[in-house]
Amino acid sequence: MEPREFFESLESRIDPAKAKGMNASYRFDIDGAGSWNVEVDDGKVTVTENGGEADTTISTSAETFTKIANGEQNPTGAYMSGKLKVSGDMGQAMKLQKLF
């Protein structure tokens with residue numbers, strides 16, 4: 001799944017029960033694909049393209065993001081090898097794994 005396809009279909013794919021109690025904002029800067037903000041508000045997920053500031057910013061290449069989205073790359077492994085960068089609230093970044 002390509003980054004644009006991933007983010008455009010994200011709102012309909014998230015299980016609200018998994019996002020229950022979460023309140024966070026994430027910015028995904030995908031080099032070569034674009035930028036998306038994902039707002040999680042107690043079970044409701046909203047995605048906007050080219051959004052503003054967020055609690056946590058995740059930056060990676062389109063290639064790495066596609067591998068993660070397709071289950072071919074572990075996000076933690078990508079972070080540890082420098083292929084994925086996280087700035088801001090690292091605790092919120094760790095919670096993302098339960099959503100996707």
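The model is predicted, so local features need pLDDT of at least 70, side-chain atom pairs count only at pLDDT 80 or more, and totals for chains, interfaces and linings use all residues. Residues are numbered from 1 along each chain as its sequence is written, and side-chain values use heavy atoms, with hydrogens and water left out.

Start with Ala24. It sits in strand β1, residues 23-31. Strands are DSSP runs of E with at least two residues, helices are runs of H or I with at least four, and both are numbered from the N terminus. Ala24 counts as buried because its relative accessibility is 5%. Buried means under 20% relative accessible area, exposed over 50%, and partly exposed in between, with a 1.4 Å probe and protein chains only. Beyond its neighbours within four places in sequence, Ala24 is in contact with Val38, Glu39, Val40, Asp55 and Gln92. Contact means heavy atoms within 4.5 Å. Ser59 is 35 residues from Ala24 in sequence, and their C-alpha atoms are 17 Å apart.

Next comes Leu99. This residue belongs to helix α5, residues 90-99. Its relative accessibility is 6%, so Leu99 counts as buried. Setting aside neighbours within four places in sequence, Leu99 is in contact with Ile14, Lys18, Ala19, Met22 and Val40. Glu39 lies 60 residues away along the chain, with 12 Å between the C-alpha atoms of Glu39 and Leu99.

Helix α3, residues 62-69, holds it. Thr66 has 15% relative accessibility and therefore counts as buried. Apart from neighbours within four places in sequence, Thr66 is in contact with Met1, Glu2 and Pro3.
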